[in-house]
Amino acid sequence: MRKPVAEGRVLSAAEGRVDVDGVFDVVVIGGGSAGLAAAAAVAESGPYRTLVLEREEYLGGVLPQCVHDGFGLYLYGESLTGPEFAHRWVERVRGDGVPTALAATVLSVEGPGSDGLLRVDALGASLGGRATLAARSVVCATGCRERTRGALQIPGGRPAGVLTAGSAQYMVNVANQLPGDKAVVLGSGDIGLIMARRMTLEGAEVRLVLGQEATGLVRNHIRCIQDFDIPIRYGWGLASVHGYGQLQGVTVAPLRADGSFDLARREYVRCNVLLVACGLVPEREVLGSLALAPDAPGLFLCGNANVPHDLVDQVTQEGLRTGAAAAAHAAALSGKPAPALPDDLARMAGLSVREPKGRMGDMAGDVPSGHQRIVCTVCPTGCVMEASGRGGVAGNTCPRGEEFARRELACPTRMFTGTVAVAGGRRSLVPVRTERPVPRDRLFDVARACRRLNVKAPVRMGEVLKSDIARTGVALVATGECERAAHGGR
Amino acid sequence: MDVDVAIVGAGILGCTMARALARYRLDVCVLEAAHDVGEGATKANSGLVHTGFHPRGGSLKGTSCVEGNARFDSIADELQVPFERVGALYVAFHPAGMEHIAEKRERARLNGAGDLEVVSGDEARRLEPRLSERVVAALVAPTTGIVSPFELALATARNAAANGARFEFGFEVDAIERVSGRWELRTKDGRRVRAPYVVNMAGEEAALLDVQVHSADLVVRPRRGQYVVFDKQEGGLAGKEPIRHVLFQAQETDEGGTLLAPTVDGNLLAGPTSENVRSFADNATTQAGIEHVKRVARKLVPDLDFGRVITEFSGIRANIVNVEKEKKDFVVRVSAPGFVSALGIKNPGMTSAPALADRALRLLGEQGLRLENNPAFDPRDQGPVHRRPFMDCIASEQHALLGADARYGHVVCRCERVTEGDVRSCLHDTLPPRTLDGLKRRLRCGMGRCQGAFCTPRILEVMADELGCAPWEIAKGERGGRVVKRQVKRACGSR
């Protein structure tokens, strides 16, 4: 059986088995950020029976592979990494006593029948095989998938080495598989930029990032592209893929206003991996024909399965609200008391999450020479400032921003996030970050030190893996867990 | 190695030939340059069992097509491959198209497919509600069917193998020589097979082999066809009627034979284009090709949603170029004593395969091959390990599989619902896959709407574990590209 990762545990016949008999108040499909928040909301708002069905062998959805930070700025006022953010909700749901069926795939959802119940057909060893669950409410929190090369209809050869950015992220950060070492990234949204940085830090050469238009957060543009001098072109697209066996290269060309390529100005870029980061599609095919009836009584959609969100904070909020609504529907059917969210969850659900400032699209024009663009990370607002060489700062909305800009000018620092190899563990990588930001020009040193570093399982969340990484004077801490392997690992 | 009959090529025709010969007491060996069956034209085409109204009346192409079509029900039943006679509509958009319809109707009659009905545009739209309002008439071919070409070739090969035929993969015939009354086939690396009888069914390579024993009378060049594949729910779940028939159009201009066809897996296929290319290896798609397919598809069914396209692909067919169009036909002939060649086999090659194999068999008999019935031949045997994927099993079978191995309860490919148990079992099947693509063609893992974005790294881990290798040692396909270049980080004490 595949070794579990992140929050997962090895499933055996005895372990991880959940009781599927009887009627559930709420069945949550998907144990990612939306599903976990929904489950917590259900469990903590009344005497409801709930269950989370997760198709992977770990909880957290896409978060365990998002080893970078920037999660939870609104909900927690801190910049957490993906695994850390997931850990909080996994712990919370476990603390609530919600059963979670891992490696359990939902095959269909039907109903509601004359009894008002929805039927969830699912498969998984944790369910004792194939099971049909009866539920008063079903929360569909199945996330989204990426648009692929095929969906984008990008012409050319059909070689190995063309994959989506999220797929590459799972490979590099979780599965310990490097897809290539000369990369082109198509798409300048946040996922594309973050993968450009990850590949660079893991020793690959990112030869070009292509963006149809400037999207994504300026923060990511600066920290993922500018910091590493990665070539990026806006207004350019991918005209063709070359190679039969292995990807050999791509033809890139400027896009005209009508969306066609100006092939007279095309260029060939040699590469052995192409990361496609061109948008997300809600994934709710599991609902079958019910996907066309979103108002079916008892059926609730939330998170990226509803609509792709920019921030996990928003997904979590939607999960909380949806969980409460699903519980209310179940309560009305069963005669149980109406749900009441506990104060902290109600507060979280009600927080105003503003769209972060500083999108690339708003940043037309180059920075004047001698000036530097700085994105403030003191608070979630993310003011985009311009600092002149003479020490003038503009664009900040509070004094803390100016102070941040001066520090950034004197000695820019960055949080390092990445992974470290684990020996004897149930997984071969554990996510890490530096305890506090390190000087920007030391990031590669830290990355190299992380590649050399080896730790032994078990690894605990928050454990200091190296007290002084790459002689920066800063400690390297684990942002995830890794159990010892049952039989010596791999 | 000495055998009675050596078949060159494990495409649908070579596999069908092997199965035909396995019915007799003969030592048969299939020599295939690639490392899997169906790696040539077989793996990438429209997947149609044609009625036989396209080929010239009375041609081998036409008559073998009609004969093969009639045999598909029993073939599909014996080999347990999905086959559906969905029927075809050959539609005309204008009065000139009526002439095409009349001509096709006559061809069908001459080829032995009987009298096909011609219906009005309204009647055609009753049969296929999303058909264009512009359609004025349609030729109805109820016997046209759909099948998965790779699945058919594999099941045919497995059945041949289970009945004693041997398959030698990676055997690229480099030289053929007559040595003391037998043919000797050699590879560059010194492997050799001797046989008194050779059947050359090497598809794209067949003409190159043929000239080693026969004058170079036929020139075969690659012709490429590009396709666009729609997600399964184009139809029901998109709130629209699914397309149920194969839709051909009477050509107005140079639109090629572009068609729309449902697949046995529930997808919708649009294509192919028809373009000469330089190399049989050139399976690239082009912007122009994809646009062409979309344009013709939209002409047939105007409300197609191209946002539901999940992938594109190309197939290469072997096209005879030095015979004028109206005289062009399949060629199955004795090229030298005991040496039978099948040349220029393209569409409807899969439909024609049973009849073409029989023709080759007859020619071998005329050349002196003794055909003595093999009483042990079992037309259904697929080998000891083979079984249906978990999701295709009935509840009691699923229960038994889960009891034996809980990994059948672990879905690794969510789009096509392939379990970890399926992947592991498939790797030990008769004629097992050696690459990720080989696995994909057998189980459909990675063929769905996510195109492997979720499952590929996970399936590589399962494959590597089951085969005892590393993920970066597993090739994507026949041409050897790798999805994984190497490990990101190496832990001490690990591989």
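Predicted model: local features only at pLDDT ≥ 70, side-chain atom pairs only at ≥ 80, totals over all residues.
Residues are numbered from 1 along each chain as its sequence is written, and chains are lettered from A, with ligands numbered from 1, in the order in which they are written. Local features need pLDDT of at least 70 and side-chain atom pairs count only at pLDDT 80 or more, whereas totals for chains, interfaces and linings use all residues.

Chain A is assigned domain 1 (23–143 + 283–350), domain 2 (146–279), domain 3 (365–410) and domain 4 (417–478). These bounds come from an automatic or database domain assignment. The C-alpha centres of domains 1 and 4 of chain A are 32 Å apart. Six residues of domain 1 contact six residues of domain 4 in chain A (C-beta atoms, placed from the backbone, within 7 Å). On the domain 1 side, two of these residues are nonpolar, three polar and one charged. Ala, Val, Leu, Ile, Met, Phe, Trp, Tyr, Cys and Pro count as nonpolar, Asp, Glu, Lys and Arg as charged, and the others, Gly among them, as polar.

Between the chains, 53 residues of chain B contact 58 residues of chain A. Helix 12 (455–467) of chain B is among the elements that supply at least two residues of the chain B side. Helix 12 gives the largest share, six residues. Helices (H or I, at least four residues) and strands (E, at least two) are DSSP runs, numbered from the N terminus. The chain B side holds 21 nonpolar, 19 polar and 13 charged residues.

Strand 11 (residues 177–178) of chain A runs antiparallel to strand 24 of chain B, joined by two bridges. Pairing requires at least two DSSP bridges between two strands. Q177(A) stands opposite Q487(B).

Key
Contact = placed C-beta atoms within 7 Å.
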